[in-house]
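The following exercises concern a structure with its sequence. Please work through each task before reading its solution.

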Amino acid sequence: MPFTPAQFLLGVVLPALAAALVLLAARRAAGGPGLGAALAVGGGYVLAHLLQRGGRGLPPREATDWAWVAAIAGMLAGASGLTRRRTPLLPLALRLLLSGALLWQLLAAWRTQAEPDEMRSVIAVGAAVLALLWTVVEVGLERPGWFAPALLAVTAAGAAGAIGLSGSFRVALLAGALCAVLCAAAVGSALRLAPPTLEGAAAPAVLALGALLTCAAFYSELPRAAAFLIGGAPVAGLVGDALLGARARRPAVRGGLLLLVAALLGLAVKLAVDASPSFDM
Amino acid sequence: MKLTLLALLAPPAAVLASLALPAAAPAPAPAADAWTIDPVHSSVIYKVRHMGVSNFYGTFKEIGGQISMDPKDPSKSLVTFTIQTASIDSRNPKRDQDLSGPDFFSVKEFPTIEFKSTSVKPDGQDGYDVSGKFTMHGVTKDMSLKVQQVGMADGPKGKMAGYETHTTLKRSDYGMDGGVSNGMLGDEVEVTVSVEVHAG
């Protein structure tokens with residue numbers, strides 16, 4: 001289902017501009033590390049979600065609408081800095097707790113049909129994967145520069161494509177809005193118009209993306225393998241970036257890492273296409 | 001000949017006494033007061049405007065439910081039906097995938113559309129005014145249906161009857177507004193539910 005120019009401007013461009021303005025203000029204003037990034041990315045996504053779909057009440061009735069609640073939770077977590085404490089136990093527990101709680105809510109309808117063992121396994125594994133993604137992305141965003149936010153933006157774009165091909169244009173458009181907000185962060189970083197590091201953006205970005213992928217995998221037809229590939233793509237890029245150290249700053253190396261991420265996302269899109277019925281009428 | 005569902009479900013003698021039906025009535029009232037929807041001979045058809053220029057018709061292939069009548073107190077009568085949302089059929093697999101997903105019915109989240117009556121009143125020739133709670137996409141609203149009896153007969157497996165109702169609903173009232181704002185699909189959907197029921 002195509003969207004109108006007005007929907008695109010209101011639901012995608014406006015939130016990205018809002019995120020850019022928040023980042024610009026955060027660069028000039030005093031604040032804890034991550035506060036501006038958390039507000040920009042989390043607030044930008046929430047704005048996009050509400051402009052696209054409306055509030056639809058609390059607690060959300062539909063799983064998709066938990067994505068904006070997840071972004072708010074992520075925004076609070078990112079702004080508080082609780083997951084960036086030196087002691088490893090509290091950050092790990094908080095990431096697992098929030099990830100598990102989000103999946104528990106998202107899968108409320110699925111849980112009623114699943115076997116108890118399967119339900120426990122899916123939520124435990126899903127929470128662990130989401131917490132791992134959160135950790136890797138947060139560490140990546142602690143390093144200055146455009147690379148980590150750009151990887152996340154590319155990942156959100158890949159998610160939008162795969163989800164759109166799997167039976168939900170509206171969830172895809174939400175992923176597109178997340179991509180636009182993350183693009184604003186990447187461009188802001190590249191032009192030095194954003195705070196030097198954007199670690200506060202990790203929680204809202206990962207929780208919102210995780211919510212959208214979970215909805216697409218369980219309530220639409222996105223293959224779960226594709227969802228894992230999309231979640232794994234930024235991990236591959238960021239881990240590669242960390243392992244390569246100073247060499248990773250060479251444009252050719254960064255380009256190669258981006259290509260690796262794009263290849264993983266392309267594979268996810270191919271899986272989505274293969275699993276989807278033909279467009280032939 | 002007026003033959004209410006209430007009367008049809010009462011014992012024959014009571015029916016004749018209360019409604020003074022002619023003895024040659026083609027379908028004597030069954031003794032049972034419970035009727036079950038026969039999904040094989042029942043239909044659910046929807047009609048929705050496509051891009052403002054044409055009407056598209058589709059179906060749900062699976063419906064079930066029961067009618068239970070209290071001859072002495074019609075207000076205690078009960079009509080229930082359940083439509084399996086995953087049975088939606090628009091004659092195109094890709095479109096069915098879209099209709100089944102979160103943009104529309106989200107069939108894995110909301111696997112059924114349900115109607116449960118709260119009152120049943122006779123209304124004209126072989127008609128009934130059935131009010132109740134209609135639940136779709138997780139939203140429950142009051143709904144009033146004009147139900148018409150199509151026919152009644154002795155079938156190979158006992159008494160059988162047919163009923164049909166037409167209604168129009170706004171899907172955005174149920175939080176299902178995919179395609180509305182961009183004009184791809186109409187908000188109003190006309191629905192026809194035609195059921196065959198069997199006694200017992």
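What percentage of the 200 residues in chain B do buried residues make up? The model is predicted, so that local features need pLDDT of at least 70 and side-chain atom pairs count only at pLDDT 80 or more, while totals for chains, interfaces and linings use all residues. Residues are numbered from 1 along each chain as its sequence is written, and chains are lettered from A and ligands numbered from 1 in the order in which they are written.

**Exercise 1. Chain B as a whole**

Task: state the buried share of chain B and describe the order of its elements.

Solution. Step 1: a residue is buried if 20 or more other C-beta atoms lie within 10 Å of its own, exposed if 12 or fewer, and partly exposed in between, with C-beta atoms placed from the backbone. By this criterion, 32% of the 200 residues in chain B are buried.

Step 1: helices (H or I, at least four residues) and strands (E, at least two) are DSSP runs, numbered from the N terminus. Chain B has 3 helices and 11 strands, and their order along the sequence is α-α-β-β-β-β-β-β-α-β-β-β-β-β.

Step 2: two residues are in contact if their C-beta atoms, placed from the backbone, lie within 7 Å. Of the contacts in chain B with a separation of 6 or more, 53% join residues 24 or more positions apart.

**Exercise 2. The strand β5(B)**

Task: determine which side chains of β5(B) are buried and identify the bridge partner of B:Ile83 in β7(B).

Solution. Step 1: the side chains alternate along β5 (residues 78–84) of chain B.

Step 1: strands pair if DSSP finds at least two bridges between them. β5(B) pairs with β4 (residues 63–68) of chain B in the antiparallel sense over 6 bridges, and B:Ile63 stands opposite B:Ile83.

Step 2: β5(B) is also joined to β7 (residues 112–122) of chain B by 5 bridges, again antiparallel. There the partner of B:Ile83 is B:Ile113.

**Exercise 3. The partners of β11(B)**

Task: describe how β1(B), β2(B) and β10(B) pair with β11(B).

Solution. Step 1: β1 (residues 34–37) and β11 (residues 185–199) of chain B are antiparallel over 3 bridges, with B:Thr36 paired to B:His198.

Step 1: β2 (residues 43–50) of chain B pairs with β11(B) in the antiparallel sense over 7 bridges, and B:His50 stands opposite B:Leu185.

Step 2: β10 (residues 158–170) of chain B and β11(B) form an antiparallel pair over 11 bridges, in which B:Thr167 faces B:Val191.

**Exercise 4. Helix packing on α11(A)**

Task: classify the directions of α7(A) and α10(A) relative to α11(A).

Solution. Step 1: axes are lines fitted to C-alpha atoms, for helices over the stretch in contact, and angles run from 0 to 180 degrees between N-to-C directions. Angles under 35 degrees count as roughly parallel, over 145 as roughly antiparallel, 65 to 115 as roughly perpendicular and the rest as oblique.

Step 1: α7 (residues 147–164) and α11 (residues 251–275) of chain A pack at about 15°, with axes 9 Å apart. They are therefore roughly parallel. Their contact includes A:Phe147 and A:Leu151 of α7(A) and A:Leu258 and A:Val261 of α11(A).

Step 2: the axes of α10 (residues 224–244) of chain A and α11(A) come within 8 Å and cross at roughly 170°. These two helices are therefore roughly antiparallel.

**Exercise 5. The setting of A:Pro149**

Task: is A:Pro149 buried or exposed, and which residues does A:Pro149 touch?

Solution. Step 1: A:Pro149 lies in helix α7 of chain A and is buried because 30 other C-beta atoms are within 10 Å.

Step 1: not counting residues up to four places away in sequence, A:Pro149 touches A:Leu141, A:Leu182, A:Ala185, A:Ala186, A:Ser189 and A:Leu198.

Step 2: A:Gly188 is 39 residues from A:Pro149 in sequence and 9.6 Å away in space, C-alpha to C-alpha.
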